Every structure is written in structure tokens, then in C-alpha cells.
Amino acid sequence: MIDGKFITLGVTGGIAAYKAADLASKLAGRGATVHVVMTRSAGEFVRPLTFEALTGNPVHTDLFASSYQFRMPHIDLATRADILVVAPATANFLGKLAHGIADDLLTTAVLAATCPVLICPAMNVNMYANRAVRENVERLKGYGYNFVEPGEGRVACGHYGKGRLAETGDIISAVEDLLGARRDMKGLTVIVTAGGTREPIDPVRYISNRSSGKMGYALARAASSRGARVILISAPTSLEIPPGVEIVPVESAVEMHGEVMRRYPEAQVVIKAAAVADYRCERVAGRKIKKEGEGLTLELVRNPDILADLGRQKREGVTLVGFAAETHELEENARQKLARKNIDLLVANDVTMPGAGFGADTNIVKLFYAGGRTESLPVMEKLAVAHRILDAVMEIRQD
Ligand code: PMT
């Protein structure tokens with residue numbers, strides 16, 4: 001995947017800049033044309049000559065320097081690249097990019113990039129845990145930037161924790177992934193549902209659940225990166241819409257049911273990660289309910305079961321994936337849902353486990369295939385879980 005590709009490698013000013021030399025060398029060794037862009041601070045740690053010798057190309061450091069190779073280096077280094085990698089990325093770089101500041105060659109090039117951008121942060125443990133840095137990272141993920149998270153261990157300043165630059169091998173794997181090693185979902189239309197539905201009580205109150213939408217949005221992002229056309233039917237969340245994904249906002253289960261059924265004829269894959277309320281208020285008050293008396297009784301009625309309806313209308317060539325959020329008897333409940341809803345794959349998560357379920361960035365899931373096979377996955381980032389679910393979908397479709 002890397003052979004013949006044009007890779008722009010941004011190096012910012014942290015002690016891990018020396019590791020970028022290994023990365024540059026390995027990328028060039030695999031046949032890529034590597035152009036290194038260094039910030040002024042990076043030059044305090046490693047000399048440009050090192051990268052020139054390793055890549056065989058001049059190193060770019062100055063926004064205003066003329067270049068015999070590029071008419072406008074800050075644009076050409078972005079638009080000619082198949083991928084732009086920033087390793088290491090400092091807190092300062094993340095902060096600038098998250099706020100659209102382009103005051104040097106690297107930040108300008110990254111803002112001008114239309115190719116995938118892979119950011120590999122490395123910094124002091126406390127800096128990486130700092131709320132401002134966390135928010136910048138989340139914001140950048142929301143804008144569609146890809147990350148290889150730092151590793152855990154001892155960082156240069158002697159602290160232990162998360163902050164050291166990811167291993168070169170992990171960065172190269174991420175580069176390969178992004179270079180489209182897997183465009184295996186091209187030509188498929190995938191519906192993903194996400195978030196927790198809101199069932200109104202009156203104009204100011206609703207019944208809902210703890211779903212953040214992270215699992216569903218990760219699935220939408222992963223399917224889109226694998227070439228699928230993705231329709232994300234989402235209950236309210238605070239998440240950024242993944243790039244290239246068509247969003248259909250809904251609030252209640254009845255609205256979600258309507259949109260899913262309306263779009264179903266277009267889809268070959270439907271993945272129902274949303275936490276859909278099973279009940280809604282029989283009557284929604286037109287005006288705010290006032291405090292009167294000691295108690296209040298709400299009459300609830302059953303919502304449509306969207307997944308079961310999809311299962312009933314299942315067409316040849318369609319793959320249906322459901323989730324099961326369980327607090328107990330996961331296996332038994334999962335198998336029952338798989339059979340009752342007539343689906344191909346059920347992804348069960350025990351939402352009481354730390355690192356799993358609602359709101360977390362990670363999940364721990366067990367896959368139940370219609371044929372009876374099961375597969376338990378370890379704790380993983382939700383994006384990685386999403387890719388494993390899509391691998392399973394593609395395997396089912398090939399059978
Ligand atoms: O959003 P996050 O914070 O990232 O959390 C992720 C998650 C825990 C919400 C997700 O991993 C998950 O488990 N989603 C399904 C939650 C759920 O509603 O599970 P369930 O066991 O109640 O429903 C089973 C399946 O039927 C689900 O696919 C659900 O979308 C679907 N369903 C349920 C009820 C209903 N009326 N219609 C449905 O289609």
C-alpha cells in the first residue's frame with residue numbers, strides 16, 4: 001500500500017522528534033516518496049539533514065522559502081500527498097489545528113490537505129491528560145482527523161502514563177489502513193442508527209437513556225472510510241458528524257422507525273446501534289406539567305420494534321446487525337434477540353462492565369452469528385470494535 005505513495009510527514013518540536021527519523025526511514029524504505037515538513041521547534045531536537053539523508057528529499061521548514069520542486073510548497077505538499085502524517089504532534093500543534101490557526105508551513109499545509117491526515121500525539125503525561133488538550137483532540141476527531149493514540153509507559157521527563165509516541169509499526173499500520181487497504185464496502189449503502197431516543201412527556205421533559213451515540217458514530221465513520229455510502233439516522237448527541245456521512249436527525253423511536261423504514265429499500269446493510277426506548281408516553285402534554293399532589297403517573301405504550309420490523313421485511317442480499325445492551329444473562333438474552341428479530345449478527349455488550357457500553361470510548365462486545373458461532377472481543381476503542389463488526393458483516397455477505 002505504501003509503495004509509490006507521496007507521504008508528507010510533519011514533525012513538531014518534542015523529544016519524540018528523533019523517533020520520526022525512524023518513521024521517515026521506514027516509509028521511504030517501503031517505496032514512498034517522503035517529504036518532511038519540520039516546525040521551527042522540531043529543528044531544536046533533530047537537524048533537517050537527518051531527514052534529508054533518510055528520505056532523499058529536501059526538508060521543508062519555512063512558509064516563505066522558495067522551492068525548486070514546488071510552486072507553492074504549503075499547498076503542493078498538502079494536495080499532492082496521498083496521506084499527511086504528523087508525528088510527533090505536540091500540544092501546541094493540536095491547539096493550533098483545532099482552532100484553525102495556520103502560522104507556519106506545517107499548520108498551513110494540514111489545513112489545505114484534502115487527503116487523510118494522521119496525527120500521532122506525544123507529550124508529557126499531564127499535558128496529554130490536560131482538559132484543554134483532551135478537548136482539542138476530541139474536536140479534531142470530530143473534524144475527521146485520524147489519530148494514533150500515544151502509548152503508555154515512561155516518558156522522557158520521567159513520568160509514567162500515556163504520552164509517548166506510538167510505536168513506528170503501529171503508525172505504519174494506521175497509514176496502510178488509511179491509504180485504503182480496505183475499501184471493501186465500496187458500492188454498499190449502510191444505514192447506521194445511533195444515540196438514545198427521546199420520548200416526550202411534555203414540551204420540556206422527555207424519557208431517554210444513557211447512550212452517547214459514540215458506538216453508532218464509530219460504525220458510521222468506519223463504514224464510510226471503507227468506501228460505503230453511509231446514512232446515519234441519529235437521535236440527539238453532542239458528537240460531530242463523521243466526514244462523508246449523510247445525517248438524518250431524529251428524536252423519538254417513532255421518528256427513527258419512520259426514517260429507517262423509509263431508507264431501508266436503499267440499503268444492503270443496516271446496523272442498529274441506537275438505544276431505542278421500548279415505551280413512550282401514551283399522551284404527550286401540550287403544556288408543561290405543573291407540580292400537583294405527591295405523585296404523578298405516566299401511562300406508557302409500546303414503541304414499534306424497528307429491528308424486528310426490518311427482520312420481518314428482510315430482503316435477499318441485506319445484512320441486518322442488532323445490538324443488545326444487557327446488565328445480566330447476556331448470552332441468553334442475546335441469543336433470544338438474534339432469533340426473535342431475524343437478524344444476521346447480534347453485538348452484545350454488558351453495559352455494567354467498566355470500559356463497556358454507554359458513554360465510554362471503548363467497548364467490550366461478544367458477537368453472536370445467526371449460524372450459532374460466537375466471538376468475544378477484548379476491550380477496544382469503539383472505532384476498532386466498529387471495524388471488527390464490519391469485518392464480520394463482510395464475512396457474512398461473502399458466505
Ligand atoms: O451510544 P454509546 O454511549 O456509545 O453506547 C453504546 C450502546 C451501549 C448504546 C450500544 O453498544 C448498544 O448496545 N446499543 C443497543 C442498545 C439497545 O437498545 O439495546 P436493546 O437490547 O434494548 O435492543 C436490541 C436491539 O433492538 C438494538 O439493536 C436496538 O437498536 C433495537 N431496538 C430496540 C428497541 C426498539 N423499539 N427498536 C429497536 O430497533
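**Reading burial, cores and contacts**

Q: Is Cys281 buried or exposed?
A: Buried means under 20% relative accessible area. Cys281 has a relative accessible area of 4%, so this residue is buried. One caution: the model is predicted.

Q: What is the relative accessibility of Cys120?
A: The same cut-off of under 20% applies. Cys120 comes out at 0%, so this cysteine is buried too.

Q: How many disulfides does the count give?
A: The test is a pair of cysteine sulfur atoms within 2.5 Å. Here the count is zero. Take Cys120: its nearest cysteine sulfur belongs to Cys115 and is 13 Å away.

Q: Which residues lie over the face of a ring?
A: Look for the charged end of Lys or Arg within 6 Å of a ring centre. Lys141 sits over the face of Phe147, 5.8 Å from the ring centre.

Q: Which residues touch the most other members of the largest nonpolar core?
A: A core is a set of buried nonpolar residues joined through side-chain atoms. The largest one here has 36 residues, and Leu219 and Ile389 touch the most other members. Strands E8, E11, E13, E16, E17 and E19 each give two or more residues, as do helices H10 and H14. H14 supplies the largest share, eight residues.

Q: What is Leu219 in contact with, leaving aside its neighbours within four places in sequence?
A: Its partners are Val192, Ile271, Ala273, Phe323, Ala386, Ile389 and Leu390. There is also a second, separate core, with 33 residues, including Ala21, Leu27, Ala122 and Ala166.

Q: Where does Ser224 lie?
A: Ser224 is in helix H10, residues 214-225. Its relative accessibility is 16%, so Ser224 counts as buried. Beyond its neighbours within four places in sequence, Ser224 touches Arg183, Val230, Pro243, Gly244 and Val245.

Q: Which residues of helix H11 are buried?
A: Go along the helix and apply the burial cut-off residue by residue. In H11, residues 253-263, the buried set is Ala253, Met256, His257, Glu259, Val260, Met261 and Arg263.

Q: What do the buried residues of H11 pack against?
A: They pack against strands E8, E9, E11, E12 and E13, and against helix H12. E9 spans 199-202, E12 spans 246-249 and H12 spans 306-312.

Conventions:
Residues numbered from 1 in each chain as written. Predicted model: local features only at pLDDT ≥ 70, side-chain atom pairs only at ≥ 80, totals over all residues. Heavy atoms only, no water. Buried < 20%, exposed > 50% of the residue type's maximum accessible area, 1.4 Å probe, protein only. Lys NZ or Arg CZ within 6 Å of the ring centre and 35° of its normal. Helix = DSSP H or I, 4+ residues; strand = E, 2+ residues; numbered from the N terminus. Contact = heavy atoms within 4.5 Å. Core = buried A, V, L, I, M, F, W, Y, C linked by side-chain atoms within 4.5 Å.
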